[in-house]
Amino acid sequence: MTFRLDRVFASPWLAAGGCLLGISCTGILGGQDDGSQDEPEQDASVATDRMPLHHMTASEYNNTVAHLLGTRLRPADGFPAFGAKGFDANVNALSNLSQVLVQGYYDAARTLAADAFSNEAQRAAILVCDPAEGAGDGCAREIIERFGLRAFRRPLEAAEVDRYAAQYAHARTTLEMSPVEAVQHVVRTLLTSPHFLLRIEVGPDSERSPGALNGHEIASRLSYLLWSSMPDEALFDAAESDELATEDELRQQVDRMLADPKSAAFFQNFFGQWLGTRTLPSHNADATRFPSWNDEVKGAMLDQVNAYFASFTTGRRPWSEFLTAPHPESRLLEPIYANDPEGAREGFLTLPAFLTLSSRADRTSPTSRAKTILEQLFCVPMVPPANVDIPELGAAGGDEGPIENVRQELEKHRASPDCAGCHDVLDPIGLSLEHFDPIGAYRTTYPNGDPIDATGVYDGVAFEDISGLMPVLVEAARTGSCPTEQLFSYALRRRPSGGDRTTIKEINARWEGGTVADLVKHVVTSEAFRLRAKDGAR
């Protein structure tokens with residue numbers, strides 16, 4: 001069973017959004033938005049058992065238009081959030097097209113096209129020939145083919161080129177636009193096409209095994225995985241030459257792409273969403289309690305944690321050291337490290353970024369820190385019992401004023417049978433980090449003068465602080481598969497299904513805690529990445 005994209009975009013999207021806003025349906029579909037009644041774009045059929053259609057995420061949209069047009073504008077910053085559970089891209093596009101988002105797409109296309117043609121360098125990159133020279137529309141067709149290839153991440157079909165060329169001619173004759181203005185008109189329309197806005201994979205490749213992706217589809221999967229953006233010229237060339245069909249070529253492309261500065265998007269989006277570090281810019285700490293806290297320090301924390309991620313990806317540090325590796329140096333963070341005793345700090349869990357994000361503005365939150373460790377790093381869901389009213393810290397004792405000694409408050413929680421089940425698991429992990437305050441600085445006492453007690457027992461192992469608990473966590477990480485599950489989900493843009501478990505297990509066994517680059521190579525050479533899903537998994 002197949003469905004037509006023009007049908008999908010006419011209903012329910014445009015019926016619920018674009019057309020009600022007074023936006024021409026044919027404009028959104030790649031036709032004209034000048035009031036003409038041309039037929040909607042005749043899109044290729046898409047089988048419903050293939051990879052689900054997806055929006056570009058906000059980050060992907062901004063990166064794509066930057067690399068496509070050379071613009072510095074970031075229109076997707078104003079688009080409504082999709083509200084996906086997990087990674088941003090793990091959401092079905094067609095269920096999240098609101099009228100606000102449709103209007104955002106349309107407005108962005110108009111603004112981006114105007115911006116691209118207001119700048120000589122950007123305009124020259126689009127105008128690969130001079131449409132004002134010579135007779136006929138040969139140059140216009142060349143521009144359409146070239147720009148369309150990059151915008152749609154695939155070559156345009158002959159019928160598509162004909163239709164956009166007809167739009168160019170219409171703009172020249174009926175709308176009395178200059179040749180350059182008519183090209184800008186077509187560019188604006190291309191930016192509202194579903195083939196630009198959505199990640200679309202269509203039709204079987206008869207040249208290979210059933211379900212095999214074609215070269216341009218593989219190129220897009222690679223580029224949006226590692227760059228959160230469109231393919232570059234090298235990927236387009238490899239796709240056109242059918243070079244992406246071999247595992248060796250995929251591995252070489254991974255190395256090349258991770259060495260490119262654009263791979264910073266991988267750190268920011270994969271790690272930032274998985275481990276939550278992208279929310280650091282919006283995090284606030286109480287500057288009256290922590291005078292060293294400011295935006296400059298916050299930015300330094302984000303730079304440091306991204307450099308830490310890079311050491312496991314573009315560097316050669318194995319993932320087995322993620323919880324024990326030394327921290328990248330940062331001049332701006334020196335005050336936070338100033339009081340560290342020897343051997344007190346190593347690995348991801350003692351990075352200021354993690355310690356800050358897992359704290360509240362005015363105090364640490366051992367429960368939050370432990371929950372983040374278990375759920376994010378180990379993929380262990382911590383779901384509180386149903387129908388239990390979980391009190392805030394401080395409520396159990398009825399004390400006034402700010403909480404000073406967090407450990408004492410947590411002991412009150414554990415006294416409740418409803419709370420003890422979770423807190424007996426969470427508290428030892430979280431309290432092992434109590435020597436680090438809400439912005440990650442080392443301390444020996446609470447604000448009220450009480451000494452810090454970071455001792456505990458976890459899984460039968462007694463410890464004095466996080467350094468004593470670390471061997472238990474390192475061993476759990478060594479035998480776990482959470483990074484593999486997370487990268488698989490990010491790369492395939494969906495949550496793993498039951499049928500994926502064997503693949504994930506096999507990838508994890510081959511990886512054995514090597515570098516993240518190694519893990520990426522195992523994922524992109526798997527059949528799950530190179531073939532279309534056969535079960536309609538989402």
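A cavity, as I use the word, is a set of points on a 1 Å grid over the protein atoms alone where a 1.4 Å probe fits but cannot get out; lining residues have an atom within 4 Å of a point. I join grid points across faces, edges and corners, and a volume is the space filled by probe spheres set on the points.

**Entry 1: ground rules.** I am reading a predicted model, in which local features need pLDDT of at least 70 and side-chain atom pairs count only at pLDDT 80 or more, while totals for chains, interfaces and linings use all residues. I number residues from 1 along each chain as its sequence is written, and side-chain values use heavy atoms, with hydrogens and water left out.

**Entry 2: confidence.** I looked up pLDDT, the predictor's confidence in each residue, from 0 to 100. The protein chain averages 84, and 80% of the residues score at least 70. For elements I took DSSP runs, helices being H or I of at least four residues and strands E of at least two, numbered from the N terminus.

**Entry 3: cavities.** I found eight cavities of 30 Å³ or more. Helices α3 (58–69), α10 (215–226), α13 (264–274) and α21 (482–492) each supply at least two lining residues; α10 gives the most, three. By class I noted five nonpolar, five polar and five charged residues in this lining. Nonpolar covers Ala, Val, Leu, Ile, Met, Phe, Trp, Tyr, Cys and Pro, charged covers Asp, Glu, Lys and Arg, and the others, Gly among them, are polar.

The second largest cavity has a volume of about 60 Å³. Among the residues lining the second largest cavity I listed R289, F290, D362, E404 and Y446. Its lining has six nonpolar, one polar and five charged residues.

**Entry 4: S432.** I placed S432 in the loop between α19 (417–431) and β5 (456–458). Is S432 buried or exposed? S432 is buried, at a relative accessible area of 1%; buried means under 20%, exposed over 50%, partly exposed in between (1.4 Å probe, protein chains only). Its side chain reaches the backbone oxygen of I429 at 2.6 Å. Leaving out residues up to four places away in sequence, S432 touches A454, F463, D465, I466 and L469.

Terms used
Polar contact = N/O pair within 3.5 Å; in protein donor to acceptor, adjacent residues only side chain to side chain. Contact = heavy atoms within 4.5 Å. 1 Å grid on protein atoms, 1.4 Å probe; cavity = no way out; pocket = protein on both sides within 12 Å on 5 of 7 lines; lining within 4 Å.
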